[in-house]
Amino acid sequence: MHHNRHSIHIIALLLLIWSTQGFAQVGELRNNLAIGLGGGYNLSSVDFSPTIKQGLQPGVMGGVSVRYTTEKYFSLICAAQLEVNFAQRGWKETIEDGSNNTYSCTTNYIEIPFFAHVGWGKEERGFQFFFNAGPQIGLYVNKEEFYGSSKEYPWKPELRPNNINQQYGKPIENTLEYGIAGGAGIEWKTSIGSFLLEGRYFFGLSDMYGNSKADPFGRSANTTITAKLSYMIDIIK
């Protein structure tokens with residue numbers, strides 16, 4: 001069943017990649033290349049099966065982006081955008097077993113999203129609204145675990161609901177992740193470059209841990225909400 005599920009995920013990912021090539025020269029041609037820097041704030045969780053009750057784990061992200069604008073189709077500006085970012089993901093458990101223990105895990109990734117970028121509004125000076133959507137891959141770097149306990153309430157993972165405690169100290173087994181990402185925002189075009197504010201969501205299709213019947217988790221996929229601020233300048237216009 002797991003193999004069939006991943007086959008569906010891979011097919012969906014390929015369809016997304018092909019869909020980003022859909023702006024096939026049907027409007028006014030453009031040849032604009034822009035590069036930029038960006039950073040932001042992540043709120044992450046992990047979709048576990050069996051379920052682990054959790055809140056959102058805060059983190060940071062930042063990196064570089066390249067955007068190539070190919071055409072204007074009616075009022076839509078169509079482009080492809082590639083990014084390479086450092087991103088902190090992870091999860092923060094909501095432990096309600098009376099132990100007063102706390103636990104959170106920060107997982108660090110190099111993420112590479114490839115977006116179809118569609119904007120409408122001012123091309124030269126002024127404001128432009130935009131959407132980004134496309135596939136994203138991530139390369140796992142390392143992780144940090146934070147265990148909270150006290151003399152009165154020592155660390156007691158055996159009290160967890162349904163005895164789900166295999167995640168503590170467990171190494172990340174799948175160092176390559178893939179999923180889909182999308183967002184929307186506003187771009188302010190000025191004489192000194194563009195300033196962009198975007199809200200973004202990443203939905204992982206791959207699992208951090210093995211998901212066979214012998215493994216403790218059938219699913220362990222990252223999800224992340226991001227608020228990002230970027231600055232871009234035109235190199236070719």
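How many aromatic pairs does a search of the whole structure find? It finds 17, where rings of Phe, Tyr and Trp (its six-membered ring) pair if their centres lie within 6.5 Å. Before you click, note that this is a predicted model, with local features needing pLDDT of at least 70, side-chain atom pairs counting only at pLDDT 80 or more, and totals for chains, interfaces and linings using all residues. Residues are numbered from 1 along each chain as its sequence is written, and side-chain values use heavy atoms, leaving out hydrogens and water.

Select Trp188 and Phe195. Their ring centres are 5.9 Å apart with planes at 35°, so this pair is tilted (under 30 degrees is stacked, over 60 edge-to-face, the rest tilted). Trp188 is partly exposed, at 43% relative accessible area, and so is Phe195, at 32% (buried is under 20%, exposed over 50%, partly exposed in between, with a 1.4 Å probe and protein chains only).

Phe195 sits in strand β8 (residues 193-204) and Tyr231 in strand β9, so the pair ties together parts 36 residues apart in sequence. Strands here are DSSP runs (E, at least two residues), numbered from the N terminus.

Next, pick Tyr103. Leaving aside neighbours within four places in sequence, its contacts include Trp91, Tyr147, Trp155 and Tyr168 (contact means heavy atoms within 4.5 Å). Finish by selecting one aromatic cluster: Phe48, Trp91, Tyr103, Tyr147, Trp155, Tyr168, Tyr209 and Phe217.

Definitions and conventions:
Helix = DSSP H or I, 4+ residues; strand = E, 2+ residues; numbered from the N terminus.
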